[in-house]
Amino acid sequence: MIDAVALGCQEFVELVTAYLEGGLDAADHRRFDEHLADCGDCTEYLEQIRQTIRVTGSLRPEDLSADAEEALIKAFRDWRRR
Amino acid sequence: MERSRAEASDAQLVAALRDGDEDTFRLLVREWNASLLRVAQIFVPSRAVAEEVVQDTWLRVLGAVDRFEGRSSLKTWVFRILVNTAKTRAQREGRSLPFSALNDPARIPEAAVDPDRFLPADDDRHPGAWAVPPRALPEERLLAAETRDVVRQAIEALPPTQRAVISLRDVEGWSADEVRNALDVSEVNQRVLLHRARARVRHSLEDYLAPEEA
C-alpha cells in the first residue's frame, strides 16, 4: 500500500512527547497509534521514554544546605522586624 | 512535596507570610528552593551566583508580599520575580540572555535520536525506519542507585534550559502550565525543551544499561 501520510520511525520519535502530553491533533494521533501498532522498535522507544520519566521522577530534589536555609530564616526575621 | 501544603491556599500562605509566620516561610523555602536554583542557572550558569540570585529573590518576595494581589498563583509570582532578578543579574555580569534557547529552541535543530540510527529517507524499502533500534533496558536495574546516579548526571549535563524544564516537570512533578507560567515560555517551546531533555536522558540510560556490543 502506498500511503503518503504513514509515519516513519524517525518522525515517530519526534512526536513522542507531544503524544504523551496530549498535544497531537486527531490526524497525527491516529498516524501515531497506527505506527505504534505495528512497529516493535518504536513501541520499545516509547516504553523507554516512559522508563526515563519514571527514573527521573524517583530522584529527590536537591536539599537546601542547612547554612543556606538558616541564612534565609535570619533574613526573614530581619524583615519581620521591619 | 505538594502534600505538605496541600491544604493551605495561596491566600492562607500569603496571610501567614504577612503575619511573619516563620514556619510558612521555611516550608516555602524548602519546597521551591531547588527549583528556583535550576531556573536561575538558565540565566547565570555559575552555581554561586545562582544561589545569590535565589537569596535576592526571597528578599524581594518578602519585600513585595504586601502587594501580592493573587492575579497569578503564588508559585508563578515567586518564579517571575526570580526570572526578573536573574535577568538583571545576568545583564550586570555582561552576559547575553539565552533568549533563543528559552524562547525559540526550535531555531537550533536537535534530533531526539541520532539520525545515523535510521535508514536514509531515500531508502527503497523502509525510509526513515530504525537501522539501529533501541536496545531494551533491564527493568530490574532501572531504579538501582547507580542507575539513578547516571540519570542525575545526565540531567546535570543538559543545557540549562532543558535541565530546568525536566527538573520542574519530571523531578518536581509540575504541570506543563505551571512551567509555562513560571518561565514565561510558550506551550510549544516548553514541550520542545522537555522532549529534548527526555531524549538525551533516555540515551544516557540506554548507553549505561544496554551498551552497544563492541
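## Helix packing in chain B

Helix H7 (residues 160-171) and helix H9 (residues 187-209) of chain B pack at an angle of about 90 degrees, their axes 8 Å apart. Axes are lines fitted to C-alpha atoms, for helices over the stretch in contact, and angles run from 0 to 180 degrees between N-to-C directions. H7(B) is therefore roughly perpendicular to H9(B), a term for angles of 65 to 115 degrees.

H7(B) contributes B:Thr161, B:Gln162, B:Arg163, B:Val165, B:Ile166 and B:Arg169 to the contact, and H9(B) contributes B:Gln190, B:Leu193, B:Leu194, B:Arg196, B:Ala197, B:Arg198 and B:Val201. Two residues are in contact if their C-beta atoms, placed from the backbone, lie within 7 Å. By class, this contact has six nonpolar, three polar and four charged residues. Nonpolar covers Ala, Val, Leu, Ile, Met, Phe, Trp, Tyr, Cys and Pro; charged covers Asp, Glu, Lys and Arg; the others, Gly among them, are polar.

## Model and numbering

This is a predicted model, in which local features need pLDDT of at least 70, side-chain atom pairs count only at pLDDT 80 or more, and totals for chains, interfaces and linings use all residues. Residues are numbered from 1 along each chain as its sequence is written, while chains are lettered from A and ligands numbered from 1 in the order in which they are written.

## Chain B overall

Chain B has nine helices and zero strands; helices (H or I, at least four residues) and strands (E, at least two) are DSSP runs, numbered from the N terminus. The C-alpha atoms of chain B fill a box of roughly 70 × 40 × 30 Å along the principal axes.

Of its 214 residues, 36% count as buried, meaning that 20 or more other C-beta atoms, placed from the backbone, lie within 10 Å of the residue's own. Among contacts in chain B with a separation of 6 or more, 68% are between residues 24 or more positions apart.

## Domains of chain B

Chain B is divided into domain 1 (2-92) and domain 2 (99-209), with bounds from an automatic or database domain assignment. The C-alpha centres of the two domains lie 28 Å apart.

Eleven residues of domain 1 are in contact with 13 residues of domain 2. On the domain 1 side, helix H2 (22-43) and helix H4 (74-92) of chain B each give two or more residues, and H2(B) gives the most, with five. That side divides into five nonpolar, four polar and two charged residues.

## Contact between chains A and B

The contact takes 34 residues from chain A and 43 residues from chain B. On the chain A side, helix H1 (9-20), helix H3 (40-57) and helix H4 (66-80) of chain A each supply at least two residues. H3(A) provides the largest share, eleven residues. The chain A side divides into 16 nonpolar, ten polar and eight charged residues.

Notes. A residue is buried if 20 or more other C-beta atoms lie within 10 Å of its own, exposed if 12 or fewer, and partly exposed in between; C-beta atoms are placed from the backbone. Angles under 35 degrees count as roughly parallel, over 145 as roughly antiparallel, 65 to 115 as roughly perpendicular and the rest as oblique.
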